Amino acid sequence: MTKFLSRRFFLTAAASASFGHVALANAPLSSIRPTMRGGAAAPAKGAKTVTVRPATPQALIDAAQLGGTVGFAVADLRSGKLLETNKQTTGLPPASTAKAITALYALDALGPNFRFGTQVSTNGSIANGIVSGDLFLIGGGDPTLDTNALFDMAAKLKSLGIREVRGQFFYVDNVLPNLNDIDPSQPDHVSYNPAVSGLNLNFNRVHFEWRRGSNGYSVSMDARSNKHRPRVYISKMSIAARDLPVYSYKDAGGVDQWSVARSALGKSGARWLPVRKPGLYAADVFQTFARAQGIVLKNPKRSTRVPQSRALVTHTSAPLSTILRDMLKFSTNLTAEVVGLTATRQRGGRATTLKASAKLMSRWANDALSMGNASFADHSGLSDASKVTAQGMVNAMLVARRRAGFAELLKPVAMRDAKRKVIKNHPIKVNAKTGTLNFVSALSGYMVAPDGKQLAFAMICADTNRRRSIKKADKEAPQGGRAWNRRAKALQQQLIERWGAVYG
């Protein structure tokens, strides 16, 4: 039974954005503030009271039994004075807390009102509904482009009276580097590790669904949204008579060819898989919608340049501030990589890899945010090759707090009891960015103590030796990973409780 459940997990897990949403767990080891023995009632006149002192940081760390390293730093937000630290100068993987730095990097280069654009243009004339030249679907790097937007663009093209394109249908995706994935050390099938391109769709994920019938299994691959479910032709799935691996991937030229183990399917199910050819994926879906509107298009081809042309339809994204707020809330890796690459491009950088772009961001962060010796390998934190210190992250939070609007981009982090239920009206309020990799758990942001005192903090728990021992095939759900993460999140909450009691 255990083996079957494990395969089902890999089959249906909706792993998102480097597991950025694991909640804080377990009750604190100390009270919020010193309390009187016997409860909160006022003592009788002359009665002796006994206070409960918060546990020391080392006692909390020892009780968590995480192994590896626990680095943290907490500072007074107004004065910037460090109040309490542990291993604060040790370089550790920031996981998705790196996205907070990426957000600052992008805001500084692009501004909060920057918008991405996606365009349909032609180099030909239009007469009687017929385009004599070629049609171009031109990506502007928009990480939030979705199926609904492509449908609307096709409908607008139809509203111009266009019904046929005599020339070729091209897609253009080279405004940003085309990268096969974010972190090649991740398993092939995890949707939080898609390709990166100048033309992206649905966070570069395709929806795989299966159902068992009287004649065997039926499978579908589509680019579904809340309104549409266009079939996708560039991603194909076959069912293989095997037990493991559950998924396998092969680049079959113009097609992402997947196979899945029949023994793991069960009756029915669905999950998102990564797309490795995002530009072609978007063009595939747009062609389907154009044909549904009665517009004849040839099969898409890639172009690395656009001749002189005129725009017919333009889709514009939400402002960057909105995109970043969602990125920090849902921890979307693709968004982080795209906005980071776009910021580097805006600064005049010619980075063709994530590592090169992240190196430029590291230089900026060490200078502009006083991070010291931060070294980023990407913009999302998915790679554990990135290294920051807790003190460097606190310095970044202190500098960032003076930049209007940044703190409001961070999501509220709920405090939870031993059963992982949210504690309503908790006296400590936290806004922060979470970060989770296998055997790495980080949290950076701001807290308001019960008396209103504001603190900036950063915590990184990392057992890098245990992380390095995980086989690639097991990285989606390694043995012991969830239990370790729960203990790490519990420790983070306990430290926050302590700081609220001691410094608030």
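Buried here means under 20% relative accessible area, exposed means over 50%, and partly exposed lies in between (1.4 Å probe, protein chains only). Keep in mind that this is a predicted model, in which local features need pLDDT of at least 70 and side-chain atom pairs count only at pLDDT 80 or more, while totals for chains, interfaces and linings use all residues. Residues are numbered from 1 along each chain as its sequence is written, and side-chain values use heavy atoms, leaving out hydrogens and water.

The partner of aspartate 108 is arginine 347, and the closest N and O atoms of this salt bridge are 2.8 Å apart. The term stands for a side-chain nitrogen of Lys or Arg within 4 Å of a carboxyl oxygen of Asp or Glu. Aspartate 108 sits in helix α3 and arginine 347 in the loop between α7 (333-346) and α8 (354-368), 239 residues apart. Helices (H or I, at least four residues) and strands (E, at least two) are DSSP runs, numbered from the N terminus. Arginine 347 is partly exposed too, at 37% relative accessibility.

The structure holds twelve salt bridges. One of them joins aspartate 76 and lysine 453 at 3.6 Å, N to O; aspartate 76 belongs to strand β1 and lysine 453 to the loop between β19 and β20, 377 residues apart. Aspartate 76 is buried at 11%, whereas lysine 453 is partly exposed at 28%.

Back to helix α3: how does this helix pack with α6? Residues 98-110 (α3) and 320-330 (α6) meet at an angle of about 175°, with axes 10 Å apart, which makes the two helices roughly antiparallel. Axes are lines fitted to C-alpha atoms, for helices over the stretch in contact, and angles run from 0 to 180 degrees between N-to-C directions; over 145 counts as roughly antiparallel.

Two strands pair if DSSP finds at least two bridges between them; β3 and β6 pair in the antiparallel sense over four bridges.

Conventions:
Angles under 35 degrees count as roughly parallel, over 145 as roughly antiparallel, 65 to 115 as roughly perpendicular and the rest as oblique.
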